[in-house]
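Please work through each task with the structure open before reading its solution.

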Amino acid sequence: MDFQNVKPIHMDIRVLGTGCPKCRALEKATNEAVAEAGLDATVSKVEDILEIMKMGVMTTPALVVDGKVVVKGKVPSVKELKKLLTQNQ
């Protein structure tokens with residue numbers, strides 16, 4: 001099989017939080033990590049508390065990657081986020 005023409009997987013990344021400083025910090029760090037790692041990803045913010053609760057999250061900020069909650073209640077560094085986001089690439 002020729003892997004040269006395989007497109008990278010597009011990631012759906014969601015930052016969950018109601019707009020507090022930690023939530024904004026996680027969104028900023030996530031965007032920086034995606035840019036630095038050169039990932040094909042869409043980063044969106046979810047501020048609706050009902051939507052957040054539907055995802056099973058009770059502690060914000062949280063980070064959801066492709067439907068899986070990978071961070072809850074903290075703001076990892078850009079370096080940690082890059083490692084987390086690229087480990088399954």
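**Exercise 1.** Identify the residue in β4 that is the bridge partner of L63.

*Solution.* In β4, L63 has V71 as its bridge partner. Helices (H or I, at least four residues) and strands (E, at least two) are DSSP runs, numbered from the N terminus. The model is predicted, so that local features need pLDDT of at least 70 and side-chain atom pairs pLDDT 80 or more, while totals for chains, interfaces and linings use all residues. Residues are numbered from 1 along each chain as its sequence is written, and side-chain values use heavy atoms, without hydrogens and water. Strand β3 (residues 62-65) runs antiparallel to β4, with four bridges joining them; two strands pair if DSSP finds at least two bridges between them.

**Exercise 2.** Work out the order of the strands in the open sheet, and find which helices touch or cross them.

*Solution.* The order is β2-β1-β3-β4, with mixed pairing. The edge strands, each pairing on one side only, are β2 (41-46) and β4 (68-72). Helix α1 (residues 21-37) lies across β1 (11-16), β2 and β3, at about 160 degrees to β1, where axes are lines fitted to C-alpha atoms, for helices over the stretch in contact (heavy atoms within 4.5 Å), and angles run from 0 to 180 degrees between N-to-C directions. Helix α3 (residues 78-86) touches β1, β3 and β4, its direction making about 25 degrees with that of β3.

**Exercise 3.** Decide whether L39 is buried or exposed.

*Solution.* L39 is in the loop between α1 and β2. L39 counts as buried because its relative accessibility is 16%, buried meaning under 20% relative accessible area, exposed over 50% and partly exposed in between (1.4 Å probe, protein chains only).
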